[in-house]
Amino acid sequence: MKQIVRICTLAFLCGIGQSYAQWSTDPAVNTPVSTIAGAQHPCIVSDGAGGAIIAWQDIRDGLHTDIYAQRIDSGGVVRWATGGLPISMASNNQTLPTITGDGAGGAIIAWQDTRSITNNDIYAQRNNPQGVVQWATDGIPISTAPNNQSSPSITGDGTNGAIITWQDTRSDTSDVYAQRVNSLGVVQWTPNGVPISTAANDQLTPTIAGSHDTMKHAGRA
């Protein structure tokens, strides 16, 4: 089934008025971000200038899932490559992207990654407002610990980097770990992440929110 990434324009129109012709005013049509064949499943963050950056998992080749992104400005005009900017096209599958603003008009995206074949790992990439990726091709490793790291969640750290948290089975049960990465793509804490919760039984599907001076972690135990 083909799925198309579109933005519902109501929230944007409430904030910027209706003087921008590129925004569709028809709620049944909306404004297209990617109409490439295959399924796209998006997440979104403000670009800090009245527009947004959207990231999504994308199976346009019909075989493997990759991560793409697009910026749409305050006038409803897409700013990057037609069909989206490739964030990671590594081997196997990249899924479940999560996105935060980098505080400089760009974004940092984290995702679940099976390029190692045997396990899920966590990778991330930063792109600037012009749609140029800033870190290593196909992203930098956030955690490649044994077993599976999955279900990432991300927030900005207030200094152009990010804090990422995820569900982790390196100890055979499911725990919650986190890692901070700076603006240059260098991890700041213990390699492969620091434990947030290693309580008995399982800790699942963490989420994270930040306000620069306060970070909150939550999970389902």
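Predicted model: local features only at pLDDT ≥ 70, side-chain atom pairs only at ≥ 80, totals over all residues.
Q: What counts as a helix or strand here?
A: Both are DSSP runs, numbered from the N terminus: helices are H or I with at least four residues, strands are E with at least two.

Q: What share of the protein chain is buried?
A: 48% of the 221 residues. Buried means under 20% relative accessible area, exposed over 50%, and partly exposed in between (1.4 Å probe, protein chains only).

Q: OK, sheets. What order do β3, β4, β5 and β6 take?
A: They form an open sheet in the order β3-β4-β5-β6, with antiparallel pairing. Two strands pair if DSSP finds at least two bridges between them.

Q: Which strands sit at the edges?
A: β3 (40–46) and β6 (85–88). Each of these pairs on one side only.

Q: How many bridges link β3 and β4?
A: Seven, in the antiparallel sense. Strand β4 covers residues 52–58.

Q: Which residue of β4 is the bridge partner of Q40?
A: D58.

Q: Next sheet. How are β7, β8, β9 and β10 arranged?
A: These four strands make an open sheet too, in the order β7-β8-β9-β10, and the pairing is antiparallel. Its edge strands are β7 (94–101) and β10 (140–143), each pairing on one side only.

Q: And the pairing of β8 with β9: how many bridges?
A: Seven, antiparallel. Strand β9 takes in residues 121–127. Within it, Q125 stands opposite I109.

Q: Now packing. Which residues touch the most other members of the largest nonpolar core?
A: I53, A55, A69, I87, I99, I109 and W111, out of 14 residues. A nonpolar core is a set of buried Ala, Val, Leu, Ile, Met, Phe, Trp, Tyr and Cys residues joined through side-chain atoms within 4.5 Å.

Q: Which elements give two or more residues to that core?
A: β3, β4, β5 (66–72), β6 and β8 (107–113). β8 gives the most, with three residues.

Q: What other core lies apart from it?
A: One of 13 residues. Its members include I108, W135, I140 and I142.

Q: Back to A55. What does A55 touch?
A: Not counting residues up to four places away in sequence, A55 touches H41, P42, C43, Y68, A69, I99 and I109. Contact means heavy atoms within 4.5 Å.

Q: And across the protein chain, how many contacts join residues at least 24 apart?
A: 43% of the contacts between residues at least 6 apart in sequence.

Q: Switching to D168. Which strand, and is it buried or exposed?
A: D168 lies in β12 (residues 162–171). It counts as buried because its relative accessibility is 0%.

Q: Which side chain does the D168 side chain make a polar contact with?
A: That of R170, at 2.8 Å. A polar contact is a pair of N or O atoms within 3.5 Å; within protein, one must be able to donate a hydrogen and the other to accept it, and residues adjacent in sequence count only if both atoms are side-chain atoms.

Q: What else is D168 in contact with?
A: Leaving aside neighbours within four places in sequence, S143, N148, Q149, T173, S174, D175 and Y177.

Q: Is N201 buried or exposed?
A: N201 counts as exposed, because its relative accessibility is 63%.

Conventions. Residues numbered from 1 in each chain as written. Heavy atoms only, no water.
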